[in-house]
Amino acid sequence: MDSQKRSLGFLSLAFLFITCSSAEFLIHQVTEGRETENNSSYSLQSNLGVTRVWRDDRPSSKIVTIAGYSVIKGEENPTNPQRLVLYVTGNKNDGGNGYISLYVRMEETESLRYGWEVNVDLKLFVHNPKQHKYLTVTDGAVKRFNAAKKEWGFGQLISLATFENTNQGYIVQDTCSFGAEILIVKPANQQEKVTFISNPPNNVFTWKILRFSNLEDKFYYSADFLVGDRYWRLGFNPKGSGGGRPHALPIFLYAQGFRPNAVATNTWGAVNLRLKNQRSSNHKQLYSAAWYPIRSGYGVGVNNIILMADLKDTSKGYLVNDAIIFEAEVVKVSVTNIVPV
């Protein structure tokens, strides 16, 4: 908020009237012959994609009320409510004929360094007291203020016929209000670069479980092992899990925490999960791949890497001396680094 306030120091908004004098407002007139050349850079293309929505909340940057709209009604020259440029009959150079046109103008730029620019997410507002809402006008595009382009806004803010129709509720007792919301956009100077590493170092983890027949009906977990920037572990329930219970043996790969100084973010993990055959190369293997969230303990795997009947058939070679062996081969993992843009 403080940085926004500092940036708004030279984007401050307040109304300047050209048709009447006031102790609170400095009179400043922009004639069409002299300074509207700056407005010639506006085009209808800049207004493509403009959206108009109602909202209850007041603008966060500035609200300015004109008490005595009839004084400036019909004035063709722009009224400059202190850096907020208002055309009550529309800016003809911006397709605003028959509309209210409204712009934010940057002033007092002489002290800024050469080549200055400010990127702004700009919203302009028209208050409707009848509905107790604000008509919010924006196009979603970032506006770049610089020495060559000090004004941004909307030539077709609101139809003049709609605005001046008292039944619509924008003008009440000859009073109307406009506003602006200015968010200074600072371009990022860093980015997260996600790299997918195939067959990363130390990508095979083997876990031997002893006294299998004595295991209880609960999940058991291996020690953590590091692949890429993240720790992983295997887990299973010897009595089965989910749809495979109690006829099949499950196995899951769980994402755990991150190594020191790693970027903690969602991690892609692709793994071959195996139940090793201890007498041949006829291993049971299933492939699993998923995005693992930042939080620890998220597991992905299968409920049925082998049927319990096949596991307990000692002639098949998967359960030997009351021990089984799981293996995880991480074939691809994502690693995220912070790099300059």
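Residue numbers start from 1 along each chain as its sequence is written. In this predicted model, local features need pLDDT of at least 70 and side-chain atom pairs count only at pLDDT 80 or more, while totals for chains, interfaces and linings use all residues; side-chain values use heavy atoms, with hydrogens and water left out.

**View 1. Strand E6 and its two partners.** Strand E6 covers residues 133-138 (strands, E, are DSSP runs of at least two residues, numbered from the N terminus). Five of its six residues are buried, so the rest of the structure largely encloses E6 (buried means under 20% relative accessible area with a 1.4 Å probe, protein chains only). Strand E1 (residues 51-55) runs antiparallel to E6, and five bridges join them (strands pair if DSSP finds at least two bridges between them). Here Arg-52 has Val-137 of E6 as its bridge partner. Five bridges also join E6 to E5, again antiparallel, with Phe-125 partnered by Thr-136 of E6. Look between E5 and E6 for the hairpin's four residues, where His-132 takes a positive phi near 55°.

**View 2. The largest pocket.** How much space does the largest pocket hold? It's about 230 Å³, the space filled by probe spheres set on grid points joined across faces, edges and corners. On a 1 Å grid over the protein atoms alone, a pocket is an open set of points with protein on both sides within 12 Å along at least five of seven lines, a cavity is a set where a 1.4 Å probe fits but cannot get out, and lining residues have an atom within 4 Å of a point. Twelve residues line this pocket, and Arg-113, Trp-116, Glu-117, Val-118 and Asn-119 lie nearest its centre. Strand E5 (residues 117-128) gives the largest share of the lining, three residues. By class, the lining has seven nonpolar, one polar and four charged residues.

**View 3. The largest cavity.** The structure has two cavities of 30 Å³ or more, and the largest has a volume of about 50 Å³. Among its lining residues are Asp-229, Arg-230, Phe-258 and Ser-334. The largest share of that lining, three residues, comes from strand E19 (residues 324-340).

**View 4. A three-stranded open sheet.** Three strands line up as E3-E4-E8 with antiparallel pairing. The edge strands, E3 (84-87) and E8 (151-159), each pair on one side only. Six bridges join E4 (residues 99-105) to E8, and Tyr-99 has Ser-159 of E8 as its bridge partner.

Conventions
Nonpolar A, V, L, I, M, F, W, Y, C, P; charged D, E, K, R; others polar. Buried < 20%, exposed > 50% of the residue type's maximum accessible area, 1.4 Å probe, protein only.
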